[in-house]
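Here's a short tour for anyone meeting this structure for the first time. Have a look at it, then read on.

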Amino acid sequence: MVLNNIEKLLEKYENGDTSLKEEQALKNYFSQETVAPHLEVYKPMFAYFSVSKQEQFTKDLPLKTKKVFTYRWIAVAAVAVLVVMVYFKKPAVSTYQEYAYGTYNNPEDAFNEVTKQLAMISNHFNKGVSTVNYLEEVNKGTGTLGYLNEIGNATSIIFKK
Amino acid sequence: MTQTEFLNIVMPFKDKVFRLAKRLLVSTEEAEDATQEVLLKLWSNKTKIEDYKNVEAFSMTMTKNFCFDKLKSKQAQNLKIVHNNYEDGQTPLQKQIELNDSVHWVAKIIEDLPEQQKLVIQLRDIEAYNLDEIAKMLDMNNTAVRVALSRARKTIREKLTSTHNYGVK
């Protein structure tokens, strides 16, 4: 490369008018061992540009996001639950009628059974009510407290005098 | 979209995203976090990725905005940490230091540039995007990009010259 040419390019370079190709030519020129002494100043500049370009990003990227992971396992779990449900549901399907209408096929039997149950409930209920009868005692107690009025009468007589 | 498809889209420009983040945030760790964040955001919106006209340009814009947010955040304002990327023990030879020294000077000079110019230099001189792409990424017009670029280049050259001549002239 002719020195004259380089000087021209440098001037263009400083005005920001060089093309990328011309800049590459400059970089090549200044990467040589020997450079014209008055252009020595530019050498570290271009050397720095080339060196900086070599730097690399070495940290690794944790791209496996947590989101993807959980979704996949939720899908697996859902399928497993479905399979288990289908497996256990099968025997129930054959006795479906039994579940739907109860265990009594004859309405009379059902009526008898219901009466029996209701009788039992009322029996227990009466038992409960009978225990509440003790509350009568409280009324009796308050009746006897009526005697206290007598004391009141007596004191009123005393104070009147 | 599967992981592999996503990686195929992202892989070619992930380093560019990282370098842009590092240019703005300086610290390697911060830049790594930012890159991760940007790529994960892309991944979580992967259903929309087909709608983007240019995923790369879109990601670069995203990175720029993310880094600005980071810089503006309370965290960054409460605590001023000077990020140093500590090199490990392998002591380089004196000669290497001397050679590297002026290269580091360039890094320092770029660090002092205004944010806009920093971005433009990064995208043009390091990543070699064309002006239209840069204009789109940074939401500027073409001329503004060229002006910023020209100013940045001139500043770098002037500062380099003055450090070179320091104590000599």
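From the N terminus on, how do the elements of chain A run? They go α-α-α-α-α-α-α-α, and chain A has 8 helices and 0 strands. Helices (H or I, at least four residues) and strands (E, at least two) are DSSP runs, numbered from the N terminus.

A quick word on ground rules: this is a predicted model, where local features need pLDDT of at least 70, side-chain atom pairs count only at pLDDT 80 or more, and totals for chains, interfaces and linings use all residues. Residues are numbered from 1 along each chain as its sequence is written, chains are lettered from A and ligands numbered from 1 in the order in which they are written, and side-chain values use heavy atoms, with hydrogens and water left out.

Of the 161 residues in chain A, 16% are buried (under 20% relative accessible area, with exposed over 50% and partly exposed in between; 1.4 Å probe, protein chains only). Val84(A) sits in helix H4 (residues 66–94) of chain A, and it counts as partly exposed because its relative accessibility is 44%.

| What | Value |
|---|---|
| Residues from chain B in the contact | 38 residues |
| Residues from chain A in the contact | 31 residues |
| Salt bridges between chain B and chain A | 6 salt bridges |

Contact here means heavy atoms within 4.5 Å. A salt bridge puts a side-chain nitrogen of Lys or Arg within 4 Å of a carboxyl oxygen of Asp or Glu. Glu23(A) forms one with Arg124(B), with the closest N and O atoms 3.0 Å apart.
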